[in-house]
Amino acid sequence: MTAIKHALQRDIFTPNDERLLSIVNVCKAGKKKRNCFLCATVTTERPVQVNVVKVKKSDKGDFYKRQTAWALRDLAVVDAKDAVKESPEFDLHFDKVYKWVASSTVEKNTFISCIWKLNQRYLRKKIDFINVSSQLLEESVPSGENQSVAGGDEEAVDEYQELNAREEQDIEIMMEGCEYAIANAEAFAEKLSRELQVLDGANIQSIMASEKQVNILMKLLDEALKEVDQIELKLSSYEEMLQSVKEQMDQISESNHLIHLSNTNNVKLLSEIEFLVNHMDLAKGHIKALQEGDLTSSRGIEACTNAADALLQCMNVALRPGHDMLHAVKQQQQRFSDLREQFARRLASHLNSVFVQQGHDQSSTLAQHSAELTLPNHHPFHRDLLRYAKLMEWLKNTDYGKYEGLTKNYMDYLSRLYEREIKDFFEVAKIKMTGTTREGKKFATLPRKESAVKQETESLHGSSGKLTGSTSSLNKLSVQSSGNRRSQSSSLLDMGNMSASDLDVADRTKFDKIFEQVLSELEPLCLAEQDFISKFFKLQQHQSTSGTTTNEVEEMDGVALSRSYSSGVPQTVSSEKDMIRQMMTKIFRCIEPELNNLIALGDKIDSFNSLYMLVKMSHHVWTAQNVDPASFLSTTLGNVLVTVKRNFDKCISNQMKQMDEVKISKKSKVGILPFVAEFEEFAALAESIFKNAERRGDLDKAYIKLIRAVFDSVEKVANESQKTPRDVVMMENFHHIFATLSRLKISCLEAEKKEAKQKYTDHLQSYVIYSLGQPLEKLNHFFEGVEARVAQGIREEEVSYQLAFNKQELRKVIKEYPGKEVKKGLDNLYKKVDKHLCEEENLLQVVWHSMQDEFIRQYKHFEGLIARCYPGSGITMEFTIQDILDYCSSIAQSH
């Protein structure tokens, strides 16, 4: 590097009157590596210029050439990239950012240090050195000292100091007076020495001459001090004279301060009085409304509401510190408390009387709703009470005890009123379900005891107390109109003209409509009452419970109401929704048991009614949960749905139990088993009921249980059957099951449908094979023996040499079955099959056709055995395949 430095100095910088101070070997960052040199130089002429020069090697030879030069004063930032970790990369910010990578970290650090020193010495401008180690940056070079700039390359710079203009002029004058100075330097020096001595003597004389002037100056200073003392005496006298004036001014200032303070206090006092008058003064009209306002008219209620709000504002005004100690304020607050207590008592008494009055008016309307399956409309009652909603909110915020008392009274009254209405409503529904009416009594006398209804119902259906179910519908009662009862003979005549299944369908349709009407009446009733409670008692929003100090739990007729007190004002701890649900539970406590009784009655009338109830209840529960999953209606219907689901499961269990208990007659043929037909009835009914229902999954599970029970029971009965062959029982019933499932297209029973078809096919084939051995019994036994000998290892062509199976024995057996005998045997077989099969399933022709095909197959098998075991014997059957076809056809036509 030293050789390169000398070469660059000699070839490039010396011809330009520049000195090279530092050099670094670099290449551009991120590009193809082409090395060059960055050089820090200064000019030898004054004024000194500092440059950074880029030098690169020429492409045509080994010499270097100057490529780019930047003045150091244009350099803004030197970025060393990392002050801690050694890195050869650094950036120089001139007109743009130049990124370089040095050949070594040492060269980079030496170059940056040289740049810093040159900046400190010549430029005195601020160049930002970032990410540079503090060790590289030295302190500023002190002025007046000869310090090297780059390792001793600038020793001669400080020795030369430029002369200013004055010095140059004096030297020129001196040189003009000494023309010989250049020729005789010693003479010139002696002359200068003599002149210097003359100047020193003149200076001493001048100093001595100035002593007199100094004495004069001292005298003047003494006189000045005397004048100052006189001035201080005068100032002291002036200060004494002003002291009295100051005291008077202080008194005046204090008096002004007191006057200002008095005015300020008067303004503040006026402000406080205006505040109390404006915020704690209740208008006379409001006081009169609170004391004597009419709570029956709409105008009076509005006036009382406005007065109550104004009173609440006066009582809740935020008093400033100290106001509560004023006697007038205490009197006004006591007056407000008395007004509040008086009006709250009057309001509570009036609302209680309104509850009672409305109860009497509502009871008078029960008669017109009892004859029909409808519930009374409480909208007028709610409309009248909602006029007091704002007053109830005021009462809740000011006197929670009276508010709570009104809530309790409302629940007590409404629970009794709704209990009467709902029990009467359910009694009418039960009467309509059982198809009876009461004579000689008016519905206004409702309610009757539930036991009386039960006794009446039991008397209609016999002493056993059980109503007709789905499996025995012969004793269904005809529906009797409420206005005109038909005679018992005409009812029996109508029942005689109507099948049992028609009676079932009619009764179930009637039950479904009644049950749906019951739910449709209850749902809007509960929703309307819940909406009214929310609006009237202001329970639709949640209240804050912060700052509570005491918790209390009160029991209101079995309904727990939790509340807390903060500053004497109770606040609900449980959510407002829980409060609404508790009130609804208290008011409508009879709905759930009445619904359960109605469901029990419907299940007692017909166990299949549980299907209708499950669908209806599921739909209404789903609707209620979409509105509010935690509401009273949703919870109650959900509880009742559990009961309905249990009845549905019980119905399925009873069906399965009846299958296990089926007893078949030993003297008559089996045919289609009753539980198979009942499953068909159940499935058809269920598919019509559960179409687009929400609880389809429950039905699918029931299908799986029932169909497996049907399969097991069919096999059980088939094994126990003595009159009808097992294969016939299995074939007919599984064919019926397969036809039922194919017609209904129940997706969850596809596997069972395939299984039923397979069982039907297998047992049809088994029955055909078993039955066909009878028309040609001896021939069958003969060829079975032939096949047994072949199976034992005897060659087929040697079977004819067996004594029991020779040609003569074969001809003897064949002669026993001429065409006439075969036809007779087939005719007997047809009659026997006809006795085995039932007419409902109509499988006789199917079975007969299968037997015909099997008989022809056996015939071909026998001919094959004759051809193989008795070759060349010329033995043939005495009837042909065409004869078999003719026999079977004529037998089928004759029967």
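Is Asn131 buried, partly exposed or exposed, and what is its relative accessible area? Asn131 is partly exposed, at 35% relative accessible area (buried means under 20%, exposed over 50%, partly exposed in between, with a 1.4 Å probe and protein chains only).

## Basis of the model

This is a predicted model, in which local features need pLDDT of at least 70 and side-chain atom pairs count only at pLDDT 80 or more, while totals for chains, interfaces and linings use all residues. Residues are numbered from 1 along each chain as its sequence is written, and side-chain values use heavy atoms, with hydrogens and water left out.

## Backbone features

Asn131 has a positive phi of about 60° although it is not a glycine. Its place is the loop between β8 (128-130) and α3 (165-177) (helices are DSSP runs of H or I with at least four residues, strands runs of E with at least two, numbered from the N terminus).

Lys745, also not a glycine, has a positive phi of about 55°. Lys745 is exposed, at 67% relative accessibility. The peptide bond from Arg46 to Pro47 is cis, with omega near -10°.

## Aromatic pairs

The count comes to 28 aromatic pairs (rings of Phe, Tyr and Trp, the last by its six-membered ring, with centres within 6.5 Å; planes under 30 degrees apart are stacked, over 60 edge-to-face, the rest tilted). The rings of Tyr418 and Phe588 are tilted, because their planes stand at 45°, with centres 4.5 Å apart. Tyr418 belongs to helix α11 (residues 400-434), and Phe588 to the loop between α15 (576-587) and α16 (591-605), 170 residues apart. Both residues, Tyr418 and Phe588, are buried.
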